[in-house]
Amino acid sequence: MTEIFTEQQVIADVPGLDRVRLVEFIKAEIVMPVQAPGQPEELAFRQIDVARLRLACELWDCFDLQNETLAMVLGLVDQLHGVRAELRAILQAIETLPPEHRRDIGAALQQLRKS
Amino acid sequence: MDPYEALGVSRTASAAEIKKAYRRIVKESHPDLNPGDAAGEERFKNASAAYDLLKDPEKRARFDRGEIDAQGQERPQQSYYRSYAEAPDNPYRQGQRFEDFEDLSDFFSDYLRGGRGTRGTGHGHAHGMHADGRDSRYRLEVPFLDAALGGTTRITLPDGAALEVQIPRGIADGQTIRLRGKGGAPIGKGQPGDALVTISVAPHKIFRRDGDDIRMVLPITLDEAVLGGRVEVPTISGAVSLSIPKGASSGQVLRMRGRGIAPRGRETRGDQLVELKIVAPPNVDEALQEFMETWRKGRDHNPRKGMAS
C-alpha cells in the first residue's frame, strides 16, 4: 500500500507501457496518479495503479481497444470487483449468525432462485 | 507445457491465428475479468507464457528449432489488479452506487450506502437541453499528521489552476472529499459538477494508524527497562512524558489515553499505543559485563520455560 512508484519506474515495470500511452491513459482517467502537495509535476503511482496499468496494457495489446472503450471496460471490471466485495462482506456477515438464521437465509435464497 | 498446446493451436498456425487463440483465452480466463475461476487462471497463465514466446517470430523460430524451451519463458509472478480491486479504499470504485437496491429494506440500503462515500444524488443527468457538468476525480497524497489533525493543502488541476482542499481531521486512507461545484462546467442551466478528491495518507516514520488509535514502537534503554522512569514520547500533537513501569519488557504495550485521533464530528480522541523495545547499549563495557556476570549467579529466571524445545 505504501510503496510509491515514479513515472519512470512504472514505465519500466509495465510491459508495453511508454510515456505517450501513460499520458493518454491519465487523460482518459484510466489511471489516476497521486498528487503530492508541493510537487504537482511529479506523478506518483501506487501498487494498485501499477497492477491496473498492467491490465490496461494487456487489454489494449490483446484487443486493440481505444482509450474510451478501455476506460469503459475497466469501469465494468471495477463494478464487478466492487459487487464481489459487497457480496463477500454480506456472506461473511451471514457466516457470523446462528445456524438457524443461516438456514432461513439459505431457504429464502432458494425460494428467490426458483421464482 | 507446450506453448502450442497451451494456446490450442497447431504448430503451423499463423501469427493471426495465434493472436486470435490468445484473445479468446484472455476473454474467457483472464483472472481480472473472470475472478474466482481457479482453473481459468491456470489456463490464462499458461497461455500468456505461450503467447509471449510465440508472438515473437524470432523466439518462435528458435523454439521450433529446439534452441530454447518453453520454460525459459515463464512470466515472473504477476500481481493482478484483482488483488487490489476489491479493497474498500480502491480509488477507482468510489463512485459505485446501489440506488436501485433501495427498495429492498432500510437495513440493506443503509449498509450499501454506508462507507462508500457516495453522498447526494448523481450528476450528469440531462434535463432537456441542459446537463450537469461531470464530476472530476483527483487523488491527493496528504502527510500523515495533516490527515490525523486536519489541515489545508492544494491540488493542481489539469489546466494548471490550483484548488484549495480542506483536510478534515482524522481522514482515513481512501476516503473522498467532495468539493461542490468544482468539477466540469455544465451545459445550459445545469449544475456544475463536483471535484472528488480521494485521499492517500502518506506513511509516517514513527506513527501508524489503527482506527482512531496511533501505534508506535518506543526504544528504551536497559536501565530504563529495569528501573522504570519517565521518558519523553512523541505524539501526533507534541512530546508527552510517559511513565515506564519498573521491570518493563520488549513487546509490552502502554496505553496513553486520549493521545490518538478524534475524527471530525467527535470530541473524544483515540489512544496512543506505545510498544516498548529494549535496546542494548552499542558497546557492552566492562562494568556492565561484570555486573551481569555477578548478577546472574544463583538466579534461575528463565523466560523460555515451558517452550517446546
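How many helices and how many strands make up the secondary structure of chain A? Five helices and two strands, in a predicted model.

**View 1. Chain A, its elements and its packing.** Along the sequence, the elements of chain A follow the pattern β-α-α-β-α-α-α. Chain A has 115 residues, and 28% of these are buried. Take the contacts in chain A between residues at least 6 apart in sequence: 52% join residues at least 24 apart.

**View 2. The side of chain B that touches chain A.** Here 32 residues of chain B are in contact with 26 residues of chain A. Four elements of chain B each give two or more residues to this side: α2 (15–29), α5 (82–85), β3 (136–142) and β4 (151–156). The largest share, five residues, comes from β3(B).

**View 3. The crossing of α2(B) and α3(B).** Helix α3 of chain B spans residues 38–54. Its axis and that of α2(B) come within 9 Å and cross at roughly 155°. Angles over 145 degrees count as roughly antiparallel, so α2(B) is roughly antiparallel to α3(B). The crossing of α2(B) past α3(B) is left-handed.

**View 4. Residues where α2(B) meets α3(B).** From α2(B) come I18(B), Y22(B), I25(B), V26(B), E28(B) and S29(B). They meet G40(B), E41(B), R43(B), F44(B), A47(B), Y51(B) and L54(B) of α3(B). The residues of this contact divide into eight nonpolar, two polar and three charged.

How values were computed. Residues are numbered from 1 along each chain as its sequence is written. Chains are lettered from A and ligands numbered from 1 in the order in which they are written. This is a predicted model: local features need pLDDT of at least 70, side-chain atom pairs count only at pLDDT 80 or more; totals for chains, interfaces and linings use all residues. A residue is buried if 20 or more other C-beta atoms lie within 10 Å of its own, exposed if 12 or fewer, and partly exposed in between; C-beta atoms are placed from the backbone. Two residues are in contact if their C-beta atoms, placed from the backbone, lie within 7 Å. Axes are lines fitted to C-alpha atoms, for helices over the stretch in contact, and angles run from 0 to 180 degrees between N-to-C directions. Angles under 35 degrees count as roughly parallel, over 145 as roughly antiparallel, 65 to 115 as roughly perpendicular and the rest as oblique. A crossing is left-handed if the near helix is turned anticlockwise from the far one by less than a right angle, and right-handed if clockwise. Ala, Val, Leu, Ile, Met, Phe, Trp, Tyr, Cys and Pro count as nonpolar, Asp, Glu, Lys and Arg as charged, and the others, Gly among them, as polar.
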